[in-house]
Amino acid sequence: MKKLLLLLTVGCSLSLQAQMLHRCYSKEAISYQNQLTPGFAEAVDQQFELAKQWSQDNGPTRSLYTIPVVFHVVYNTPEENIPDSVIWNQLVRLNEDYARMNADTSNMRSEFMPVAGATQIQFMMAGIDPQGNPTNGITRTSSATTSFGSFNAFFGDFTDLEKVKSTADGGHDAWDGTRYLNIWICDMSINGQAFLLGYATPPANLPNWPVGSTPDNLGDGVVLQYQCVGSNNPNDLGVANYTVLGRTAIHEVGHYLGLRHVWGDGDCTMDDGINDTPDATDASQQDCDQTKNTCNADVVGLGDLHDMIENYMDYSAETCQNSFTDQQAALMHGVLENQRYDLVHNNPAGLEELAVSVSCFPNPTNDFLTVISSELIEQLEVVDLNGKVLLETKGNGNKTTLELQAFEAGMYTVLIHHSNGTVAQQRVAVVK
Ligand SMILES: [Zn+2]
């Protein structure tokens, strides 16, 4: 009956689009898998506890973890084939938000300052593909599938959504999920209306399945609605009062690294398992209500805090999200040291393992930046946060100096193209 009513609602009135929009189906993905493989949800919870125990015993670590990312763009229309500049922007947003270098951290209410934290996790475009060839970390697939969304998907059957992860089904096969964070970008709309912004799979390596795998029904990684990628996306999501800042990816990668929603997907008796996030009864629904305090439980040492709408793992507006907490960071470290160990240890998919040693100094700089590489530098590009190339210059042997005097203060990415075809990237800060 409930299904029928929902179907009628969706079918009869697109004006109810706001109710139709779902920010995230990561919890639904676990439920779906659990229906097919009873015990899956319990196993996910056990893995969470294992990572949490590790983080309590060891962390947060002082390591800086680097995750190689491949973006699979699967498109049916030219608009869905979003440009490299948007994907680069998304990567920069990931790095900014996970490093807590985003400018809007200043919006954080003071009560959360003791718990807000940088994650010590950074993301790099994959430098080599699974065959060992140089790559820019982006695959592009023209597909006959107009949308991977469907009413089946709306009701929690992931069969259609998951086709984006299969070349045979109009999508693109995953690269080795133990070595790459796979992020698929596609259209999941229903009748042209966005219904879902993204979903992710929880950490793998669960009991009863082969090491490093997830069950067949869910391919490991993150899926994003194409208009939600980056903060410079030229495509309109078509949802009133929703501002896209690229934070669907921040949220979904959080799930991929083991985090739960801050309200624990339940009332005040349900916790997200993280001690420094305040309890909440339910999700913030695209709002930024700073007066909300839906549960009375204390955060140890800090008392009863408001609902943390600033947290990336809430459903608050992207414009008021700006932080993870220290213990969320520690939990993610626990996952990277356990269930997703191979992603960040001795990983040939990353750039560090290419035997290319690159350094940029001084960093930060206010005028000149010297780039030194163990490989011959063919070309250098400096890219801003919007993915725009601001400076392009030929390399000079193994050492090239860039003139950045005219650059405004901020974060930039330097792309170092080598004559052997590899591309390295370094983040640099310009200060004034
Ligand atoms: Zn979520």
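**Overall fold and zinc site**

The protein chain contains nine helices and 15 strands, where helices (H or I, at least four residues) and strands (E, at least two) are DSSP runs numbered from the N terminus. The model is predicted, so that local features need pLDDT of at least 70 and side-chain atom pairs count only at pLDDT 80 or more, whereas totals for chains, interfaces and linings use all residues. Residues are numbered from 1 along each chain as its sequence is written, and side-chain values use heavy atoms, with hydrogens and water left out.

Of the 432 residues in the protein chain, 55% are buried (under 20% relative accessible area, 1.4 Å probe, protein chains only). Among contacts (heavy atoms within 4.5 Å) between residues at least 6 apart in sequence, 69% join residues at least 24 apart.

The zinc ion has as protein donors Cys-24 (SG), His-251 (NE2), His-255 (NE2) and His-261 (NE2), at 2.0 to 2.2 Å; donors are N, O and S atoms within 2.8 Å of the metal (3.2 Å for Na, K and Ca), and water is not among the atoms, so sites may look incomplete. The arrangement is tetrahedral because the four donor atoms subtend angles of 96 to 121°, the criterion for four donors being that all angles lie between 85 and 135 degrees. The donor residues follow the spacing C-x226-H-x3-H-x5-H in sequence. Cys-24 lies in the loop between helix H2 (17-20) and helix H3 (26-36), and His-261 in the loop between helix H7 (247-256) and strand S8 (324-325), so the pair ties together parts 237 residues apart in sequence. Cys-24 is buried at 2% relative accessible area, and His-261 is buried at 1%.

Note on methods
Tetrahedral: all angles 85-135°; square planar, octahedral: opposite > 155°, others 65-115°. Buried < 20%, exposed > 50% of the residue type's maximum accessible area, 1.4 Å probe, protein only.
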